[in-house]
Amino acid sequence: MSSKSSAPIIIVRKKSAGHDEEHGGAWKVAYADFVTAMMALFIVLWLLSASEQVQKAVGGYFQDPTGAGHQTGSTSAGSGETLTLNRDELEKLKDKLEQVLRQIPALDHMQNQVKMTITNEGLRIDLLETQRGLFFETGNPRPTEAGRELLKVLARELANLPNSVAIEGHTDSTPYGRSDYSNWELSADRANAARRILQDSGLGEGRISQVRGFADQRLLTKNDPTNPSNRRISIIVRNEGLDQQEQTSAGARPPERNPPRRNTPNPPRSSSPTSNSATTFVMCYEHQFRMPR
């Protein structure tokens with residue numbers, strides 16, 4: 001027998017691809033549409049059961065994604081505490097304060113030393129110092145007579161608002177010259193001195209939420225660290241609801257401004273898995289739509 005007749009016979013069978021080509025990937029598109037529709041349904045059902053404040057906050061995001069509108073979010077716990085002062089209202093408050101200051105002859109020489117700007121936190125009022133010390137005595141936390149007068153005027157105007165107020169103290173980069181007292185102590189003491197004047201002049205104690213001392217860490221004129229304008233007191237009219245957001249993010253319970261008297265102990269909180277899961281879902285969903293500050 002020859003070698004050619006003993007060679008094995010190899011048969012190659014090709015499978016037709018016509019069956020796969022007939023169906024294609026259309027089912028994937030249909031399935032994706034179905035999943036998207038179900039997600040939208042569950043979101044709508046959650047919104048229907050949410051509070052009116054949360055609904056407005058979520059709706060405000062879709063109407064104004066840039067964050068310049070009336071509703072800019074809610075607390076991470078879903079309590080619906082929204083920021084109620086928008087940019088237009090802050091501009092009106094800024095214009096009103098500027099008009100009040102112009103109407104007081106004794107404060108005419110301070111016009112260039114009072115700077116008002118609108119930030120994500122609210123309306124910032126900076127009282128800029130001069131070389132000789134305009135609002136505070138040089139190197140001293142004691143306010144001048146002009147500084148007291150201006151703080152009293154601001155207290156009367158801010159007392160008509162519901163917003164909380166934060167006070168900041170800033171210094172320049174010139175060392176204070178004492179080992180036991182630095183720019184940190186000076187900035188904090190000046191902020192506290194301003195707080196006392198504001199409270200004594202009609203701004204309620206519960207209205208001041210923060211007193212901060214930054215020393216020379218936040219210079220206004222960075223290219224000139226020793227510039228006198230870096231020494232300043234900042235009064236911030238904070239957006240309403242911002243304190244609750246920060247307290248919730250830090251895990252603290254927001255304090256009640258006028259807590260009711262209770263003779264009976266509070267009922268224990270529910271610790272059921274269902275309530276915890278719902279709260280977690282609300283927190284995760286609101287985190288996706290919270291506007292950057």
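Author: Start with strand β1. Its covered face carries Val114, Met116 and Ile118. Its uncovered face carries Lys115 and Thr117. In a regular strand the side chains alternate between the two faces of the sheet. Strands here are DSSP runs of E with at least two residues, helices are runs of H or I with at least four, and both are numbered from the N terminus.

A word on the basis. This is a predicted model, where local features need pLDDT of at least 70, side-chain atom pairs count only at pLDDT 80 or more, and totals for chains, interfaces and linings use all residues. Residues are numbered from 1 along each chain as its sequence is written, and side-chain values use heavy atoms, with hydrogens and water left out.

Next, the partner strand. β1 and β2 run antiparallel, joined by five bridges. Two strands pair if DSSP finds at least two bridges between them. Isoleucine 118 stands opposite leucine 123 of β2. The two strands form a hairpin, with three residues between them.

Now the loop of that hairpin. Glutamate 121 meets arginine 212 in a salt bridge, at 2.7 Å from N to O. The term means a side-chain nitrogen of Lys or Arg within 4 Å of a carboxyl oxygen of Asp or Glu. Arginine 212 lies in strand β4 (residues 208-213) and glutamate 121 in the loop between β1 (114-118) and β2 (122-128), so this pair ties together parts 91 residues apart in sequence. Glutamate 121 also meets arginine 238, at 2.8 Å from N to O. Arginine 238 belongs to strand β5 (residues 232-238), so this second pair ties the loop to a part 117 residues away in sequence. Arginine 212 and glutamate 121 are buried, and arginine 238 is buried too. Buried means under 20% relative accessible area, exposed means over 50%, and partly exposed lies in between (1.4 Å probe, protein chains only). The salt-bridge network links Glu121, Arg124, Asp126, Glu168, Arg212 and Arg238.

Glutamate 91 sits in helix α4. Its relative accessible area is 31%, so glutamate 91 is partly exposed.

Helix α4 (residues 87-102) also holds glutamate 98 and lysine 94, four residues apart, about one turn. These two form a salt bridge, with the closest N and O atoms 3.1 Å apart. Glutamate 98 is partly exposed because its relative accessibility is 25%. Lysine 94 is buried because its value is 17%. The whole structure has 10 salt bridges.
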